[in-house]
Amino acid sequence: MTATLAAFGKGHEFPPISFELSEDWVAGYVAAVEDASIAAHSGVVPPMALATLAVRTLLDSAGLPAGAVHVGQELNFLRAAAVGESLAARATITSRGERAGWVLMGLELSIGDADGSPVMSGRATLTFPAEAAA
Amino acid sequence: MPETSATELAVGSALPPVVKQITQEKIGRYADASGDHNRLHIDPEFAATTQFEGTIAHGMLLLGYISEMMTAAFGSRWIERGRLKIRFRAPARPGDTITTAGSVTAVDGRRIACDIECKNQAGDVLVSGQAEVG
């Protein structure tokens with residue numbers, strides 16, 4: 001059984017996960033978010049698709065605790081990503097605190113290309129009941 | 001698609017909104033694309049027992065709508081050099097009509113800053129924050 005995020009503390013680095021921005025996956029993402037604007041940029045992946053993959057990296061390594069809520073998100077898009085490109089996503093827990101029975105967790109997310117150059121960086125903030133961490 | 005020039009936008013200019021209908025089917029499509037099959041999003045019976053009293057859309061789905069608005073307004077400047085910082089204020093639910101909004105708050109050379117948000121049909125703010133293009 002995969003551990004949830006509740007099992008990890010500040011400083012934990014999740015294993016990097018590599019993925020290909022396949023034509024099928026990108027088409028599925030565009031259909032899911034109904035993004036009509038990206039069609040004008042042939043061969044380019046919607047930038048929010050990268051953020052979606054960064055979050056997926058997390059979920060492939062650790063499940064969400066029961067009652068988890070996505071509170072906030074910061075994203076920096078550093079260059080366009082192309083359909084068919086291979087990228088790697090990393091995630092690290094950078095903060096973890098508890099208040100009034102809820103855990104507040106900050107995670108740094110990053111995506112780099114095959115040369116290790118940054119493509120996207122960001123930070124996600126999640127909260128979940130402290131009892132999920134017990 | 002032509003990019004928006006800083007000289008074309010003044011502080012207070014509104015970005016063209018994006019309007020989307022949330023359905024359980026669309027939430028399911030996003031779950032498949034993102035790999036986030038949290039029962040809170042896809043299992044109505046389970047979600048009814050939670051604090052949300054029903055399924056809710058993924059927050060990142062709403063960010064996909066904001067990204068569509070920014071791509072339509074700024075083209076590759078958003079895709080290649082966009083920045084976003086938001087908080088999720090309230091959930092979107094099946095049956096909701098989501099409307100994005102953006103308003104230019106600063107123009108400094110090539111840099112354009114905007115306040116952004118998503119509201120539902122009742123006028124509730126679901127997402128709020130800032131976005132920038134370089």
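This is a predicted model: local features need pLDDT of at least 70, side-chain atom pairs count only at pLDDT 80 or more; totals for chains, interfaces and linings use all residues.
In chain B, strand β4 covers residues 97-108, and strand β1, which covers residues 14-15, runs antiparallel to β4(B) and is joined to it by two bridges. Within this pairing, B:Leu15 has B:Gly102 as its bridge partner in β4(B).

Strand β2 of chain B, made up of residues 19-21, is likewise joined to β4(B) in an antiparallel arrangement, here through three bridges. The bridge partner of B:Val19 in β4(B) is B:Thr99.

The pairing continues from β4(B) to β5(B), with nine bridges in the antiparallel sense. B:Asp108 has B:Arg111 as its bridge partner in β5(B), and the two strands form a hairpin with two residues between them, in whose turn B:Gly109 has a positive phi of about 65 degrees.

Strand β5 of chain B, residues 111-119, is in turn joined by eight bridges to β6(B), and these two strands also run antiparallel. In this pairing B:Ala113 stands opposite B:Glu132 of β6(B). The strands β5(B) and β6(B) form a hairpin with five residues between them, and B:Gly123 in this hairpin takes a positive phi near 90 degrees.

Strand β6(B), residues 125-133, also pairs with strand β3(B), residues 83-88, through six bridges and again in the antiparallel direction. Here B:Ile86 is the residue that stands opposite B:Gly129 in β6(B).

## Helix α2 of chain A against helix α4 of chain B

Two packed helices are described by the angle between their axes and the distance between the axes. The crossing of α2(A) past α4(B) is right-handed.

On the α2(A) side the contact is made by A:Pro47, A:Met48, A:Ala51 and A:Thr52, which meet B:Met60, B:Leu63, B:Gly64 and B:Ser67 of α4(B). Sorted by class, this contact comprises five nonpolar and three polar residues, with no charged residues.

## Helix α1 of chain A against helix α4 of chain B

Helix α1 of chain A, residues 23-33, also packs with α4(B), their axes coming within 9 Å and crossing at roughly 90 degrees. Since angles of 65 to 115 degrees count as roughly perpendicular, α1(A) is roughly perpendicular to α4(B).

In this contact A:Tyr29, A:Ala32 and A:Val33 of α1(A) meet B:Leu61, B:Gly64, B:Tyr65 and B:Glu68 of α4(B). The residues involved divide into five nonpolar, one polar and one charged.

## A:Thr52 in helix α2

A:Thr52 belongs to helix α2 of chain A and has a relative accessible area of 2%, so that, with buried meaning under 20%, this residue is buried. When residues up to four places away in sequence are not counted, A:Thr52 touches A:Trp25 and A:Tyr29 of chain A together with B:Tyr30, B:Ser34 and B:Met60 of chain B.

A:Thr127 is placed in strand β5 of chain A, which covers residues 118-129, and with a relative accessibility of 14% A:Thr127 counts as buried. Apart from residues up to four places away in sequence, A:Thr127 touches A:Gly67, A:Ala68, A:Val69, A:Val71, A:Trp102, A:Val103 and A:Leu104. Its C-alpha atom is separated by 37 Å from that of A:Ala40, a residue 87 residues apart from A:Thr127 along the chain.

A:Pro16 is found in strand β1 of chain A, residues 13-20, and is partly exposed, its relative accessible area being 44%. Leaving aside neighbours within four places in sequence, A:Pro16 is in contact with A:Ala89 and A:Arg90. A:Pro16 and A:Ser117 are 101 residues apart in sequence, and their C-alpha atoms are 14 Å apart in space.

Terms used. Residues are numbered from 1 along each chain as its sequence is written. Chains are lettered from A and ligands numbered from 1 in the order in which they are written. Side-chain values use heavy atoms; hydrogens and water are left out. Two strands pair if DSSP finds at least two bridges between them. Helices (H or I, at least four residues) and strands (E, at least two) are DSSP runs, numbered from the N terminus. A crossing is left-handed if the near helix is turned anticlockwise from the far one by less than a right angle, and right-handed if clockwise. Contact means heavy atoms within 4.5 Å. Ala, Val, Leu, Ile, Met, Phe, Trp, Tyr, Cys and Pro count as nonpolar, Asp, Glu, Lys and Arg as charged, and the others, Gly among them, as polar. Buried means under 20% relative accessible area, exposed over 50%, partly exposed in between (1.4 Å probe, protein chains only). Axes are lines fitted to C-alpha atoms, for helices over the stretch in contact, and angles run from 0 to 180 degrees between N-to-C directions. Angles under 35 degrees count as roughly parallel, over 145 as roughly antiparallel, 65 to 115 as roughly perpendicular and the rest as oblique.
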